[in-house]
Amino acid sequence: MRDINQLQSYFYHLPPDLVAQKPCARRDQARLLIIDRSQGTIRHDTFNQLDDYLPRDSQLVVNNSKVVPARLWGHRSTGGAVEALLLNPLKDGYSFEVLLRPLKKIREGEEIIFGSGINAVLADKEKRILRFNKKNITRHLQKIGHIPLPPYIKRPDTLRDREDYQTVYAKQPGSVASPTAGLHFSKELIKKLKNHGHRFLELTLHINYGTFKPVESADIRAHQMHTEHYSINSTIWSVIARSPAFGGTTKQSLNPIVAVGTTSCRVLETLAAKGDCPLELKGTVPLTGTTDIFIYPGYKFQVVDALITNFHLPYSTLLMLVCAFGGYDLIMNAYKEAINKRYRFYSYGDAMLII
């Protein structure tokens, strides 16, 4: 019998040509694999038919974080190329924690030139801190930055990726990776779903580079999850606070909550796990916090009724979360079927709905 606490249980073989390198020509024309947990069934359709499978009058919780063009290409004074990915801004307004290549070759104190009058110094090699010559460098990223496509997309970013790698409802800049489950929604599909009684609620979780970090411990329970920042407003709080997880009404009397993406799911379940949130939010002041919740099989979901997600990397915490929600055997069988039917995988790939 397979031990689902062991890392090796979350491996599957994916033919390289199924890793999507570009999105569909139309967002909502991506394929959709539908899993019904109660029936143990798998169906196939396209994403623009989502309304046929959603629970009636669903409340779709989306992540409105916006991807920042945080990848910079520059060069050393010697002429060697340098790639920097901005991760976390520091309080001085000039410095960032970064991923830097080739880090080993760059000396501490060495200047890196990025063009357009912008350069930086490697202020701390051990902590990977770049200090820029201009304050609030994020204001210049639209001019000098590049969209940080995931490492499994084997091509340079293009101007088109600045639109394709954002959801149509992206508002709050701060992520270095897209909440990709939401990439399949077009404005037309959102309008259609609203007209059919579904409601869209927005929260913000800024995705950092830790989302790409695979689990390495043989027993997944030993994995240390990365931390990400979230923010929710009073509108969404008024909905989820009625859940039994927060002492509200019986779950059966609520409209179903559909998490669009693992990021939305993690925020909702984090709020339930904390158990110390206010009964209501006053005015427009958002509720903010951090989450390092690690959801894997055995977790008891308290808020989320259905999940929209993409297909995830082997050994990833995202795959483990989906297995926790849909059931390990059912999800892994669904992945096998998706591969057999040549679904497109990962960020620019196809989608899954678990009801």
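Over the ring of which residue does the charged end of Arg-31 sit? In this predicted model, selecting Arg-31 together with Tyr-343 shows the charged end of the arginine over the ring of Tyr-343, 4.0 Å from the ring centre.

The structure as a whole holds 18 aromatic pairs.

Now centre the view on Phe-311 and Tyr-335, which form an edge-to-face pair with 5.3 Å from centre to centre and 70° between the planes. This pair links distant parts of the chain, for Phe-311 lies in the loop between strand 16 (306-310) and helix 6 (317-326), whereas Tyr-335 belongs to helix 7 (residues 328-340), 24 residues apart. Both Phe-311 and Tyr-335 are buried.

Because Phe-311 is in the loop between strand 16 and helix 6, and Tyr-343 in the loop between helix 7 and strand 17 (351-354), the pair ties together parts that are 32 residues apart in sequence. Phe-311 has 1% relative accessibility and therefore counts as buried, and Tyr-343, at 0% relative accessibility, counts as buried.

As a last stop, select Arg-37 and Phe-325, where the arginine lies over the face of the phenylalanine, at 4.0 Å from the ring centre.

Terms used: Residues are numbered from 1 along each chain as its sequence is written. This is a predicted model: local features need pLDDT of at least 70, side-chain atom pairs count only at pLDDT 80 or more; totals for chains, interfaces and linings use all residues. Side-chain values use heavy atoms; hydrogens and water are left out. Rings of Phe, Tyr and Trp (its six-membered ring) pair if their centres lie within 6.5 Å; planes under 30 degrees apart count as stacked, over 60 as edge-to-face and the rest as tilted. Helices (H or I, at least four residues) and strands (E, at least two) are DSSP runs, numbered from the N terminus. Buried means under 20% relative accessible area, exposed over 50%, partly exposed in between (1.4 Å probe, protein chains only). A charge sits over a ring if NZ of Lys or CZ of Arg is within 6 Å of the ring centre and within 35 degrees of the ring normal.
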